[in-house]
Amino acid sequence: MVLLCALDLALKRTATVTVEATVFAQVLERGPLLEALGRFPEQLLAIRRLAASRIEEQCLAPRSVAGVELFRDAPAEFVDFVDSHTRHWTFFHDDAVLEEGAEGNHLIVLLGGRLQVEKDGKVLASLAQGSVLGELAALGFTERRSATARCIGPCQVSHHQRMMLGDGARVETVKSRSPW
């Protein structure tokens, strides 16, 4: 986690390492490390993948949407279907999970961590575990994101494509006719 802090992928260190014998440790200073990673972006990607796998191994976030308010009363078959067609992603501090103005056709469920919602560069809200984002795009009401959702520290999310939710989940808008 020290490396994650040095790379601004996490807000704080989360562990202490104690050694029981003599060890050799190499210290990588933040400045030179960031400079080297700037020149070799594939190494940054490798470090991010390693960090994501370590976070996922330690993750206590639920792997099912069953406990999320939106899905709490859904039939078990629906929840099982959604869970079996879900991709799980790990994001890091300051990563954008959704970008304002970007095209989108998926729904995101925040399984662990915190996000802040920004519009036109202003922070509108802070979201916690169980929050659902992108439902308008997932249901086909809009093609563009109305705000940016940015991580405050590491976050685990589940990703649900519009196609996965299927035509049965699409809501067709019916304009009511006034009797007047």
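Let's start with Cys 155, which counts as buried because its relative accessibility is 0%. Buried means under 20% relative accessible area, exposed means over 50%, and partly exposed is in between, with a 1.4 Å probe and protein chains only.

Before I go on, a word on the source. This is a predicted model, where local features need pLDDT of at least 70, side-chain atom pairs count only at pLDDT 80 or more, and totals for chains, interfaces and linings use all residues. Residues are numbered from 1 along each chain as its sequence is written, and side-chain values use heavy atoms, with hydrogens and water left out.

Back to the cysteines. Which cysteine sulfur is closest to that of Cys 151? It belongs to Cys 155, at 3.5 Å, and that is too far for a bond. A disulfide is a pair of cysteine sulfur atoms within 2.5 Å. Cys 155 is therefore in no disulfide. By this rule the count is 0 disulfides. Cys 151 is buried too, with a relative accessible area of 2%.

Now the whole chain. The protein chain has 6 helices and 8 strands. Both are DSSP runs, numbered from the N terminus: helices are H or I with at least four residues, strands are E with at least two. From the N terminus, the order is α-α-α-α-β-β-β-β-β-β-α-β-β-α. Of the 180 residues, 32% are buried. Next, contacts, meaning heavy atoms within 4.5 Å. Take those between residues at least 6 apart in sequence: 73% join residues at least 24 apart.

On to the strands. Two strands pair if DSSP finds at least two bridges between them.

Strand 7 is my next stop. How many bridges join strand 4 to strand 7? There are 4, and the two strands run antiparallel, with strand 4 covering residues 115-119. Glu 118 stands opposite Thr 148 in strand 7. Strand 2, residues 96-98, is also antiparallel to strand 7, joined by 2 bridges. Leu 98 has Ala 149 as its bridge partner there. Thr 148 and Arg 150 point one way from strand 7, Ala 149 and Cys 151 point the other way, and all are buried.

Is Ser 146 buried or exposed? Ser 146 counts as exposed, because its relative accessibility is 52%. Leaving out residues up to four places away in sequence, Ser 146 touches Glu 100 and Lys 119. Its C-alpha atom is 8.2 Å from that of Glu 99, which sits 47 residues away along the chain.

Last, the aromatic rings. Rings of Phe, Tyr and Trp (its six-membered ring) pair if their centres lie within 6.5 Å; planes under 30 degrees apart are stacked, over 60 edge-to-face, and the rest tilted. That gives 2 aromatic pairs. One of them is Trp 89 with Phe 91: the centres are 5.9 Å apart and the planes at 75°, so the pair is edge-to-face. Trp 89 is partly exposed at 29%, whereas Phe 91 is buried at 13%.
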